[in-house]
Amino acid sequence: MWRFLLARLLPFLLQPIYTLSDSDCKWMAVVNRFDNLGGDRNVFFQQHEILSVAEIFKELVDSAIDPDDKNAKYLGFPYYLKINLTCKTLDSAMALRTAHYTGLKPVVTVTFEEPAHAVRQKQEQLQIEMTAAPYRIKGCRSEEVCRMCWYTPMPFMNGSVVMDVMVGSNHLGFPVDDKRFSINVNGYMRSSTKTDRFRIGTKATALNDFMSLSHPSRPLWHTHERAPVLILGDIPMSKVVLLSDTGFEDYFPVEVGIDSCWIASLSCQRKGFSTSITDSIATESTLFIRQNQLVYYFVGHYPILHMRGPGSEMWTRVLNNICVKKLNPVFFVKNNTEYVIAIGGGGQEGQFFLISVQDGIVNATGAIRAQRKTVCQFMKIDSCYLIWVVFSTNDNKFFLLVNDYGAPLFYVVEYQRGGYYKRIFNIPQLVPKAVSDRGYVVMLGTEQYSTRVFSGRGLAFNPFSKIFYVWGNAILQSNDMVSFIYLSNFPGDSPIKYFVMSFNGHIAFVTEADEVWVMKEGSTEIKRAYPSAAWSVYNTLQVMEGSPDHDLNATQAIVTVFFDKDGMQELVYREDPGTTGKLIKRKFPLDHILTYDQMISTPHKGMTHNGIDYIRFTHRCPFAVVRFVDLPFPQRFTRMEHYRVKPPEIMEKTGFYDQKSLIVYQGLVYQLLQLHSAYHRAYADPVHDPTWRWWKNKKQDAEYYYYMASNWKSSGGIYVDMANYVKVYNIRPNNLLPETIYLDKKQTFLFSVYLSLRTTKQSSKMWEIRDVRLTQPLIHCHIIQFLNPHYLL
């Protein structure tokens, strides 16, 4: 009878497969506590082993498990990763059942980010790929599947509190695009009797109690790819900050526990008072905020970082006797140390101070100066002040943007640690005039000038490309800190409020009018992405597709713009009728915006053929394409070590895992990572693979264990196959170049680059570039390496 019913129901179960596209369904991933399977999202803050897991492994006598082995540590992690599907055109529960019965399984790849302070002498790159196990949520009769999800262990490694989680498909069932999640340890939470509480303050409730559509956007500052928890302040007239441990996939509004005060003195006179947290910066272990002239920090509780301190119990003031008017971030680590720059005001005008964080210990220097001179004394200026300071950790240099009160004039000054100043550039008082459409003006002193006065707001520096920027109501760029050019494609009608760098090519900046502009490093093209005609086209198309993140009638405001591993993101505050407001993180459609802008701006004309209107472009191929071919295995130049695991086999005929079998999965992953840590070797021969030590005493009984499992007689109803827990040495590159390449001594990597390019004049015929070389400056060696690629045009 059940076969007959299945035959009748199968067409209805399979019907959504043929109507769903790649973009209809998306993965959803949240963390569940060890004792909260099937529950809602829990905060990932516990950092201890689950000891009770080891008891279950003693029952598995018909598997290659030896709990008495001296190398065996079958412990568990405090959390599981719960994976669901959400679809636009299909009920979520129906989508999950359909996906399960058509063979779809999530494949989860966890990448452990390098910590700021390496636990080992050689920092490791580590990935573990886990196949998810189906789990039936309690609440239905045993023969029904009302609700289900998938689970994998949520592992962590000593020394890493930032985990990058990629959820993909096993390519069975209906298609689902890969999705990345940032699952990080939150060291600012504590357990209590009823619920988890924040250490840094009190959780706020309705967003519209302290946020408004009229509030301007503000920058999101943190150590690049090292900060597990992001903090965003600058909410007017409020001590509330937005806290997120998932890259703002979700967030917590928290009122910080500090006193609102103003300690006025002769050296720091009171000019105004604000309750807002004006500046906020997140590092790997510590949060920094500024209110008025006071700077506070809070060290998180991170035992797995091996910090020297236990973490803070309350906010602590730093630079107590200093009048601080601004904090500047330092995005990169130097010698296992993170930094924050404080710019002085009042009696410390023209001075700056360096705050360092190492192993959870916060220290602050005195005023940084050369030969007992401030930068104003070096410049021989009676009254000047610092606007911005950038610290280049690779070069151990500071770059200062100095303003002369009297002129007003702006200068770029270099400070070398150990002590001297060097004037880099005297910025002209007037903005140069663009006399051509090249998009830039070389500043040699002979250029023409407009009547617009230059106003500098800040500095930016990319240590990878060595490109330096001065930004304000204009943008100046230098590739060598000697010669500067003026990028004339930015009109500067609204001055730049903050500058956002991805450090891999793209740059975004937001003006005082909350316009979003984008550019590519090395290019002079600068485009206004929002508001723009291209944005309107994209927004309308999203509404037509039914996207919940877009609404033509909703009132919304940009909260911040930032970059993560998935590209450019924006955080938007929206107030819908009958709601208390909500924050939406959405991928900024940079590729779509630039494509639509290119199509709108490319010369074209309307045509009609057989009563159908269409567009004909004069330039039929205005795009360029770059492809990488024949890349070597990425392990060779990324140092990435990769493990692959599957859940243990179960004797349950429904195919669903229970709590006991998931606990075994936890212990197996824990043991695998434990063996990796205990036997830390780069790519050696398979005999020295850490998993070899796991099974070496049980290999002779493998056929017996397999025989028992084949007859559904494994002890405990669980069978562990040794072949499912391996170290992988031949991951395919898929012709994608990784973000980081390590050029170890005597290493050589060969691959091909194919470039497709046409211009307006050559759009009607193929053409060829001859004698072209691609160049790539190397960060530490300060040399240029030349590649000789093939070209396909």
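**Figure 1. Aromatic pairs in the predicted model.** The count of aromatic pairs comes to 48, where rings of Phe, Tyr and Trp (its six-membered ring) pair if their centres lie within 6.5 Å, with planes under 30 degrees apart counted as stacked, over 60 as edge-to-face and the rest as tilted. The model is predicted: local features need pLDDT of at least 70 and side-chain atom pairs pLDDT 80 or more, whereas totals for chains, interfaces and linings use all residues. Residues are numbered from 1 along each chain as its sequence is written, and side-chain values use heavy atoms, without hydrogens and water.

**Figure 2. The pair of Tyr339 and Phe391.** These rings are edge-to-face, at 5.3 Å centre to centre and 80° between the planes. Tyr339 belongs to strand β21 (residues 338-344) and Phe391 to strand β24 (residues 384-392), so the pair ties together parts 52 residues apart in sequence; strands are DSSP runs of E, at least two residues, and helices runs of H or I, at least four, numbered from the N terminus. Both Tyr339 and Phe391 are buried, that is, under 20% relative accessible area (1.4 Å probe, protein chains only).

**Figure 3. A cluster of rings.** Ring pairs link Trp221, Trp388, Tyr469, Trp471, Phe490, Phe499, Phe509 and Trp517.

**Figure 4. The largest nonpolar core.** Such a core is a set of buried Ala, Val, Leu, Ile, Met, Phe, Trp, Tyr and Cys residues joined through side-chain atoms within 4.5 Å. Among its 183 residues, Leu85, Ile128, Met154, Val470 and Phe499 touch the most other members. Helix α8 (residues 659-678) supplies the largest share, 10 residues.

Technical notes: Buried < 20%, exposed > 50% of the residue type's maximum accessible area, 1.4 Å probe, protein only.
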